[in-house]
Amino acid sequence: MTEIIPVVLALFGVVALMLGVLFLMKWLNTRITGRKNGNGIRISSCVGVGQDKSVMAVKAGSKNLLIGVTQGSITLICELSNEDMALIEGAPSADGDMAGRSFAECMKYNAAKLGRDFITPKPHKDDNDDNGNS
């Protein structure tokens with residue numbers, strides 16, 4: 001029992017040290033950047049257009065920007081008006097707002113759009129055997 005006490009104290013010491021380093025890093029970040037939180041820049045929407053390529057609607061302060069992001073660069077496409085940004089932020093998805101739905105519901109929705117029923121399995125030849133042989 002006496003061997004456990006130093007191990008438990010060392011464990012608490014390591015956890016306290018880790019928390020101390022975390023708060024120190026947070027304090028240093030606040031001192032270096034001069035702000036308490038990262039609310040200055042916000043990504044409103046992001047659409048992938050290829051491998052490692054995307055288009056983002058970004059709100060930076062009072063400006064609304066549409067930027068293209070690749071692995072090697074970030075390019076300003078245009079500035080957006082407040083009305084355009086409101087449309088982007090409040091726009092439902094192109095597939096009938098399927099966000100938050102289950103995978104099965106998304107499959108049923110997309111199968112119905114194609115006019116097919118992918119959810120119901122097709123019977124096998126062995127399933128139609130009247131002799132009961134499986």
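Four strands, in the order β1-β2-β3-β4, form an open sheet with antiparallel pairing; strands are DSSP runs (E, at least two residues) numbered from the N terminus, and two of them pair if DSSP finds at least two bridges between them. At the edges stand β1 (41-50) and β4 (74-80), each of which pairs on one side only. On average, neighbouring strands of this sheet are turned by 20° against each other, direction ignored, where the axes are lines fitted to C-alpha atoms and angles run from 0 to 180 degrees between N-to-C directions.

The model is predicted: local features need pLDDT of at least 70, side-chain atom pairs count only at pLDDT 80 or more, and totals for chains, interfaces and linings use all residues. Residues are numbered from 1 along each chain as its sequence is written, and side-chain values use heavy atoms, with hydrogens and water left out.

Strand β3 (residues 63-69) runs antiparallel to β4 and is joined to β4 by 6 bridges. Leu65 has Glu79 in β4 as its bridge partner. The side chain of Glu79 also meets that of Lys63 in a salt bridge (3.9 Å, N to O). Because Glu79 lies in β4 and Lys63 in β3, the pair ties together parts that are 16 residues apart in sequence. The count comes to 1 salt bridge, defined as a side-chain nitrogen of Lys or Arg within 4 Å of a carboxyl oxygen of Asp or Glu.

Glu79 is exposed at 51% relative accessibility, while Lys63 is partly exposed at 45%; buried means under 20% relative accessible area, exposed over 50%, and partly exposed in between (1.4 Å probe, protein chains only).
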